[in-house]
There are 2 protein chains.
Amino acid sequence: MAIEGGAVVSTSANLTELETRALEAAINVADGHARQYLTPAQQQIVDDFPRLFKEAERMSYPELNARAMRALMRALGQHEAPIAESRFLTCYASSVAMEILARALSDRFRSVGLIHPTFDNIPDILRGLRIDLTPLGEPALLSGDVSDVLPPGVGCVFITTPNNPTGTVLPEERLALIARACEHRDVVLVLDTSFRGFDPRAQYDHYAVLERAGCRYVVIEDTGKIWPTLDLKLGCLVLSDRIDLPIARVYSDILLNVSPFVLAMVEKFAEDAAGGGLPALQAGIAENRRLLRSTLAYVPNVSFPDPDSRVSVERVLIGDGRDAVAAWETLRQRGVHVLPCRPFHWANGSEGDAFIRVALARPPAVVEAAGRALASALTARA
Amino acid sequence: MAIEGGAVVSTSANLTELETRALEAAINVADGHARQYLTPAQQQIVDDFPRLFKEAERMSYPELNARAMRALMRALGQHEAPIAESRFLTCYASSVAMEILARALSDRFRSVGLIHPTFDNIPDILRGLRIDLTPLGEPALLSGDVSDVLPPGVGCVFITTPNNPTGTVLPEERLALIARACEHRDVVLVLDTSFRGFDPRAQYDHYAVLERAGCRYVVIEDTGKIWPTLDLKLGCLVLSDRIDLPIARVYSDILLNVSPFVLAMVEKFAEDAAGGGLPALQAGIAENRRLLRSTLAYVPNVSFPDPDSRVSVERVLIGDGRDAVAAWETLRQRGVHVLPCRPFHWANGSEGDAFIRVALARPPAVVEAAGRALASALTARA
């Protein structure tokens, strides 16, 4: 990265290391974890934790697991998701799911096509296992010749949808096209849908599309981004029938089961989401997005490159030759933590140099304070 | 493994896969998770979950983390454990800690010395990263020339203490000797102490010994085996000062933080453990061990090879030429799940052929029923 205000900023810090520094900050809009307030209905579930614990204690694990996963998939519109035990592997978190998947992929493939930009722990986990990555830009994923998405030699294509940080959603027709091409070329299609709860456009039934195409697929589902449950959460690996990768074996090396209590909690939160909680969440994020944009409206040459994004993070293009790492460092010294976007652009960091990412899954006052601090920092430097 | 009663038993199933089949069994004494009853004091903490959630919501993460880890280390006698953020990495579970450590080790070492026997996910995770393993038998670890513990070319020595399934504890003087030899040879010493809560002999201050020796070390601590919190748990990686392995970096690829709620819960359970909960736990396990042994007392040639073990699993030497996989299969057909010990003996499976492992962290009635079923199965086959 860069040197600013006398503080040496490591050139090799990853996004999570930057987020770690924010965990005790006065104003933390760095990480994408869910840190908004509980709704009254969600608070009632938390108030009911002791009863939930009792219920989870006496239920069979496979039943608890199936119930929670069915409720979650229903809330997210994924009606054809296969809930069978052998095809729905519940993990402690989506990054644990990612690590398990990466281990299994590295057993078979030396080369993976990966969406660009995206959160850096995905390329870092894959590269750490000596997998070569080919960047797949969002424009190529969204339109044009589908064979551009399947470069020769690539055994697997990995797409985050909605994407982090851009919010870009892979539409149904395009997913169908890519899935059919993957089937034809016997390429494994991986989708990371961790942010889909925020965007109804990402809630068409992906599994119906994937099953129709008949391709080999893995989908990473996640509860961690949407509910402010103090990181009581689950990530899931959902597998096509004939996946032919040692995913279940690696899974069994890492875990036997997730917490039955967390499963019981996820079922309740998912039922609440289906019964109105999800639109309420989306409205809260939209309001925070408007708030952030309005606090920055008067700053010259600042703009929002993802006007249509609905995910819980917002990119700010700080323009005017301003440097995102410098702005990040200025804010950091004032106790406000955001993320500079360079590491998201894992194949070409400089593409991210003019972008800041601000998390929106926060109480509105936090987003507003972060927006004002960013406005002040950018105005002072302009 | 073997073929029994017409059912083909996969020759390649690992212990966790066998445990998975037991998750919905009538009588599951397969896995080593904590499934005994909550004590009244522990039940009070669970009843207080909503207040704990509120408390965790408003506290800073680093403070919560430090408080929980300090309470845990105090309860386990580890007073000199370094609680500094950079040296105490809290993970979702001990196996996630293991995976992170293995990834970091594979970056530097091609060869690791590993205790033999031990739970098979440890060798499986290491081998999955193409690390060669040298078995270190318990006798060599416990006595004799310490250089036998550090074969040439080995960059790291990995010891589970108390060991699973044998319960063997590495005594203080022997740890000191091995740690000094590791320092001298610049070998990294790894201890997995997940079962130490069961055995006061494993609660001398390991960190005092390690720091005095001055070796590079990693200790895996765990709350998952001791408290019946429905797998709300933590694993930890505790690092020596100059560890010089990319552990923190891999950690940040996998997680930003564990659940603040789980941290708050761990603090309360650790305080309860220090205030009498740990002796109560140990007494309960001792009682279940007596119960199991008494149900099997009349079966000819059955014996208990670990008379002094205090951990929450018990090995049964079924003797008389009986085969553990056959006994396991007979029991399985009756809805009783145990573990055959062959996979623990990762370097020489046949050494484990005459042993069954029975989990003791269960309600006494479950242990007794399992013991009776095992007695019946062994008597019928004798």
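## Sheets, interface and backbone

In chain A, the residue that A:Leu317 has as its bridge partner in strand 14 is A:Phe355. The model is a predicted one.

Chain B holds an open sheet of seven strands with mixed pairing, in the order 4-10-9-8-7-5-6. At its edges are strand 4 (88-91) and strand 6 (132-137) of chain B, each pairing on one side only. On average, neighbouring strands of this sheet are turned by 20° against each other, direction ignored. Strand 4 of chain B runs antiparallel to strand 10 (residues 235-239) of chain B, and four bridges join the two. Within this pair, B:Phe88 stands opposite B:Val238 of strand 10. Helix 9 of chain B, residues 206-213, packs on the sheet and touches strand 8 (188-192), strand 9 (217-222) and strand 10 of chain B. The direction of helix 9 makes about 170° with that of strand 9 of chain B.

The next topic is the interface. Chain A and chain B each bring 57 residues to the contact. About 4700 Å² is buried between the two chains, and carbon and sulfur atoms give 58% of this area. Of the area that chain A buries against chain B, A:Phe53, A:Leu230 and A:Leu256 supply 16%, more than any other three residues.

How many salt bridges does the rule find across the interface of chain A and chain B? There are four. B:Glu17 forms a salt bridge with A:Arg249, and the closest N and O atoms are 4.0 Å apart. Between chain A and chain B, 20 residue pairs are in polar contact.

Several helices of chain A each supply at least two residues of the side that touches chain B, among them helix 1 (15-21), helix 4 (61-75), helix 10 (247-254) and helix 11. Helix 3 of chain A gives the most to this side, with six residues. The residues on the side of chain A that touches chain B divide into 26 nonpolar, 14 polar and 17 charged.

| Cis peptide bond | Omega |
|---|---|
| A:His116 and A:Pro117 | about -5° |
| B:Thr161 and B:Pro162 | about -5° |

A:Pro117 lies in the loop between strand 5 (111-116) and helix 6 of chain A. B:Pro162 is in the loop between strand 7 (156-160) and helix 8 (172-185) of chain B.

A:Arg130 is a residue other than glycine with a positive phi, near 65°. This arginine, A:Arg130, is found in the loop between helix 6 and strand 6 (132-137) of chain A.

Key
Residues numbered from 1 in each chain as written. Chains lettered and ligands numbered in written order. Predicted model: local features only at pLDDT ≥ 70, side-chain atom pairs only at ≥ 80, totals over all residues. Heavy atoms only, no water. Pairing = 2+ DSSP bridges. Contact = heavy atoms within 4.5 Å. Buried area = accessible area lost by both parts, 1.4 Å probe. Salt bridge = Lys/Arg side-chain N within 4 Å of Asp/Glu carboxyl O. Polar contact = N/O pair within 3.5 Å; in protein donor to acceptor, adjacent residues only side chain to side chain. Nonpolar A, V, L, I, M, F, W, Y, C, P; charged D, E, K, R; others polar. Axes fitted to C-alpha atoms, helices over the stretch in contact; angles between N-to-C directions.
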